[in-house]
Amino acid sequence: MYDGTNAPIRINWFSDRIEILSPGGPYGQVNRYNFGQSGVTDYRNPHLAEAMKNLGYVQKFGLGLPTANSKLKKNGNPPFEFTVEDSYILIVVRKA
């Protein structure tokens, strides 16, 4: 949830990795155990999600993280690492 915070998403770039820290934990049917699995989705703002799909910014809901991992593998990078907590999600992308 984003309640109680106005914290921005933070992206930190290091020589060996990129860390993306998103305030607000998982939402709805998404939890720390199924986070990142293909097809497991829920939306805080379903109208915004649908608009992004209709405008062509996303191709299919629930495929972003599996697609990112596929691209990382193709590039020779290890899979991304993630930490899912109640108040934030941290994703680490390591250098190839």
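Biologist: Glad you're here! In this predicted model, which residue in β4 is the bridge partner of Leu-21?

Modeller: Leu-21 has Leu-90 as its bridge partner in β4. In β4 you will also find Val-92, the bridge partner of Glu-19.

Biologist: What makes β2 and β4 a pair of strands?

Modeller: Pairing takes at least two bridges between two strands. Strand β2, residues 17–23, and strand β4, residues 88–94, have seven bridges, so by that cut-off they pair. Their sense is antiparallel.

Biologist: How many residues lie between β1 and β2 in their hairpin?

Modeller: Three residues lie between them.

Biologist: Let's look at the whole sheet. What is the order of its strands?

Modeller: The order is β1-β2-β4-β3, in an open sheet of four strands with antiparallel pairing.

Biologist: Why is one side of β1 and of β3 left without a neighbour in the sheet?

Modeller: Because β1 (10–13) and β3 (81–84) stand at the edges, each has a single partner strand, and one side of each has no neighbour in the sheet. From one strand to the next, the twist averages 10 degrees.

How values were computed. Residues numbered from 1 in each chain as written. Predicted model: local features only at pLDDT ≥ 70, side-chain atom pairs only at ≥ 80, totals over all residues. Heavy atoms only, no water. Helix = DSSP H or I, 4+ residues; strand = E, 2+ residues; numbered from the N terminus. Axes fitted to C-alpha atoms, helices over the stretch in contact; angles between N-to-C directions.
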